[in-house]
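Please read them with the structure open.

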Amino acid sequence: MRYQAEGVSFLHHIVARSETWMHHVTPETKKESMSWKHPSSLCNKKFKTVPSAKKVMVTVFWDHQGLQLVDFHTRGATVNASIYCATLDRLHKAFRRKRQALLSESVLLAYLRILHSRE
């Protein structure tokens, strides 16, 4: 009903959010592992990089103008109300920097659940 009343400008008030848990890994690239060696020196063995047990929650907020905030939570596996409030505070600061005009109007937060398929 709001879209019918306000038209396309209604869509400018929507901020989408999605989140997912990811393994925290910083693999070494081939270029980073290169080093100068004497031809007679032994080669270093390469081991397969495996994801660490540590996970990071990534929360992404965007609107019709693009990405507004990417937030990472590394404190354990429990996400509670205080962590969500801190994320919303960071989102508010991002809007103050990027979209000041939207703060004086209504903002609609939309949660998008993205289903991941295993390949």
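1. Salt bridges. How many salt bridges does the count come to? The count comes to three. Keep in mind that this is a predicted model.

2. Arg2 and Glu6. These two side chains form a salt bridge, and their closest N and O atoms are 3.0 Å apart. Both residues sit in helix 1. They are four residues apart, about one turn of the helix. Arg2 has a relative accessible area of 33%, so it counts as partly exposed. Glu6 is also partly exposed, because its relative accessibility is 34%.

3. Arg17 and Glu19. Here the side chains meet in a salt bridge with an N to O distance of 2.7 Å. Is this pair buried or exposed? Glu19 is buried, and Arg17 is buried too.

4. Asp71 and Arg90. The closest N and O atoms of this salt bridge are 2.8 Å apart. The pair links distant parts of the chain. Asp71 belongs to strand 3, while Arg90 belongs to helix 3 (residues 81-98), and 19 residues separate them. Asp71 has a relative accessible area of 6%, so it is buried. Arg90, at 32% relative accessibility, is partly exposed. The cut-off explains the two labels: buried means under 20%.

5. Overall layout. The protein has four helices and four strands. Along the sequence they follow the pattern α-β-α-β-β-α-α-β. Of the 119 residues, 20% are buried. The accessible surface is about 9900 Å², and carbon and sulfur atoms account for 59% of that surface. Take the contacts between residues at least 6 apart in sequence: 66% of them join residues at least 24 apart.

6. Strand pairing. Strand 1 (residues 14-23) runs antiparallel to strand 2, and eight bridges join them. Strand 2 also pairs with strand 3 (residues 66-73), again in the antiparallel sense, over seven bridges. How many residues lie between strand 2 and strand 3 in their hairpin? There are two. Ala16 has Trp62 as its bridge partner in strand 2. Trp62 also stands opposite Leu67 in strand 3.

7. Asp63. This residue is in strand 2, which covers residues 55-63. Its relative accessible area is 7%, so Asp63 is buried. Which backbone nitrogen lies 3.0 Å from a polar atom of the Asp63 side chain? The nitrogen is that of Gln65. With neighbours within four places in sequence left aside, Asp63 is in contact with Ile14, Val15, Gln68, Phe95 and Arg99. Please look at this site on screen. As background, side chains in a regular strand alternate between the two faces of the sheet.

8. A surface patch. Which residues form a nonpolar patch on the surface? Tyr3, Val8 and Leu11 do, with about 280 Å² of accessible area together. Val8 is in the loop between helix 1 (2-6) and strand 1.

9. Points to check on screen. Then turn to Asp63 and its contacts, Phe95 and Arg99 among them. Finish with Trp62, opposite Leu67 in strand 3.

Terms used. Residues are numbered from 1 along each chain as its sequence is written. This is a predicted model: local features need pLDDT of at least 70, side-chain atom pairs count only at pLDDT 80 or more; totals for chains, interfaces and linings use all residues. Side-chain values use heavy atoms; hydrogens and water are left out. Buried means under 20% relative accessible area, exposed over 50%, partly exposed in between (1.4 Å probe, protein chains only). A polar contact is a pair of N or O atoms within 3.5 Å; within protein, one must be able to donate a hydrogen and the other to accept it, and residues adjacent in sequence count only if both atoms are side-chain atoms. Contact means heavy atoms within 4.5 Å. Accessible areas come from the Shrake-Rupley method with a 1.4 Å probe; for residues, only the protein chains shown count as cover. Two strands pair if DSSP finds at least two bridges between them. Patches are made of residues with over 30% relative accessible area and no salt bridge: like charges are joined within 9 Å, nonpolar side chains (Val, Leu, Ile, Met, Phe, Trp, Tyr) within 5 Å. A salt bridge is a side-chain nitrogen of Lys or Arg within 4 Å of a carboxyl oxygen of Asp or Glu.
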